[in-house]
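Some notes on this entry follow, as numbered points. Please read them with the coordinates open.

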Amino acid sequence: MLYGHDVIISNPPYVFGDGTHETTRFLLYFLNRYAKGRSVIDAGCGTGILSIFAIKCRAESVTAID
């Protein structure tokens, strides 16, 4: 489980995938609960924030495609 001290910095301003959009925030919550030990596919990964977070959540494998 990730705690407040884990930080992912995304430099591009005002893009979908910067971690502030509602759907991105929901998926971050979902990954935090369910990614550990699973395979994750991030289709349309953009900045890759969900892929990076899945790795930090100890996903078994992560495939990112944009």
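1. What is the relative accessible area of F26, and is the residue buried, partly exposed or exposed? F26 has a relative accessible area of 48%, which makes the residue partly exposed, because that class covers values between 20% and 50%. The model is a predicted one. F26 belongs to helix 1, residues 22-34.

2. Two aromatic pairs are counted. In one of them, the ring centres of F26 and F30 are 6.3 Å apart and the planes stand at 35°, so this pair is tilted. Both residues sit in helix 1 with a spacing of four residues, about one turn of the helix.

3. F30 is partly exposed as well, at a relative accessible area of 39%. F30 also forms a tilted aromatic pair with Y34, with 4.9 Å from centre to centre and 45° between the planes. Again the two residues lie four apart in helix 1, about one turn of the helix. Y34 is partly exposed, with a relative accessible area of 38%.

4. Through these ring pairs F26, F30 and Y34 are linked into a cluster.

5. Elsewhere, strand 1 (residues 39-43) pairs with strand 2 (residues 61-65) in the parallel sense, over five bridges. A43 is placed opposite I65 of strand 2. With helix 2 (residues 49-56), the two strands make a right-handed β-α-β unit.

6. Which residues of strand 1 are on its covered face, and which on the uncovered one? V40 and D42 are on the covered face, while S39, I41 and A43 are on the uncovered face. Side chains in a regular strand alternate between the two faces of the sheet.

Key
Residues are numbered from 1 along each chain as its sequence is written. This is a predicted model: local features need pLDDT of at least 70, side-chain atom pairs count only at pLDDT 80 or more; totals for chains, interfaces and linings use all residues. Side-chain values use heavy atoms; hydrogens and water are left out. Buried means under 20% relative accessible area, exposed over 50%, partly exposed in between (1.4 Å probe, protein chains only). Two strands pair if DSSP finds at least two bridges between them. A crossover is right-handed if, with the strands pointing away from the viewer, the path from the first strand over the helix to the second runs clockwise. Rings of Phe, Tyr and Trp (its six-membered ring) pair if their centres lie within 6.5 Å; planes under 30 degrees apart count as stacked, over 60 as edge-to-face and the rest as tilted.
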